[in-house]
Amino acid sequence: MSKLSKLLLAGSVIGLMTGLLFSTNLVMVRNPLFFLALPLGAVLAGLFIISLLLHKETALYNEEHESHAANFTPEHKCCGHCSKNVQTGIHAEAH
């Protein structure tokens, strides 16, 4: 698991537990903002599940992106006759 996944998991557990404590009146609070902990924990739990589902896909994308970047040769577009020299690293400045 990545650092972001661990943070989402910790935030969701903390949010859900504190939200359940406030919602079941085990801890009496007067400020209604404390009751936002339960929905916040649920949202973080959803984001954690999504990050787990996409973890393999992002690893595959990163691997594919790195392989394309390694095979990339920049294309030179100054004129048609020097394109062969660009591939070998030789470029004639005077046209």
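Where does S12 lie? S12 lies in helix α1, and we'll come back to that residue in a minute.

Okay, some housekeeping before the tour. This is a predicted model, so to speak of local features we need a pLDDT of at least 70, side-chain atom pairs count only at pLDDT 80 or more, and totals for chains, interfaces and linings use all residues. Residues are numbered from 1 along each chain as its sequence is written, and side-chain values use heavy atoms, with hydrogens and water left out.

So, the overall layout. The protein has 3 helices and 0 strands, and from the N terminus on the order is α-α-α. Helices here are DSSP runs of H or I with at least four residues, strands are runs of E with at least two, and both are numbered from the N terminus.

How confident is the predictor? pLDDT is its confidence in each residue, from 0 to 100. The protein averages 82, and 76% of the residues score at least 70. Confidence is highest in α1, with a mean of 94, and lowest in helix α3, residues 83–88, with a mean of 52. Where pLDDT is low, the predicted coordinates should not be read in detail.

Two packed helices are described by the angle between their axes and the distance between the axes. Here, α1 (residues 3–23) and α2 (residues 37–71) have axes that come within 7 Å and cross at roughly 150 degrees. That makes α1 roughly antiparallel to α2. For the record, axes are lines fitted to C-alpha atoms, for helices over the stretch in contact, and angles run from 0 to 180 degrees between N-to-C directions; over 145 counts as roughly antiparallel, under 35 as roughly parallel, 65 to 115 as roughly perpendicular and the rest as oblique.

Who makes that contact? On the α1 side, the residues include S5, S12, G15 and L16, and on the α2 side, G41, L44, A45, F48 and S51 are among them. Contact means heavy atoms within 4.5 Å.

Back to S12, then. Its relative accessibility is 4%, so S12 counts as buried; buried means under 20% relative accessible area, exposed over 50%, and partly exposed in between, with a 1.4 Å probe and protein chains only. Not counting residues up to four places away in sequence, S12 touches G41, L44 and A45.

That brings us to G41, over in helix α2. G41 is at 0% relative accessibility, so it counts as buried. Leaving aside neighbours within four places in sequence, G41 is in contact with S12, G15 and L16. G41 and L16 are 25 residues apart in sequence, yet 4.7 Å apart in space, C-alpha to C-alpha.

What about S5? S5 is in helix α1 too, and is buried, with a relative accessible area of 4%. Beyond residues up to four places away in sequence, S5 touches F48 and S51.

One more stop: the loop between α1 and α2, where we find N25. Most residues other than glycine have a negative phi. N25 has a positive phi of about 60 degrees although it is not a glycine. At 49% relative accessibility, N25 counts as partly exposed.

And the whole-chain numbers to finish. Of the 95 residues, 13% count as buried. Among contacts with a separation of 6 or more, residues 24 or more positions apart account for 39%.

Methods: pLDDT is the predictor's confidence in each residue, from 0 to 100.
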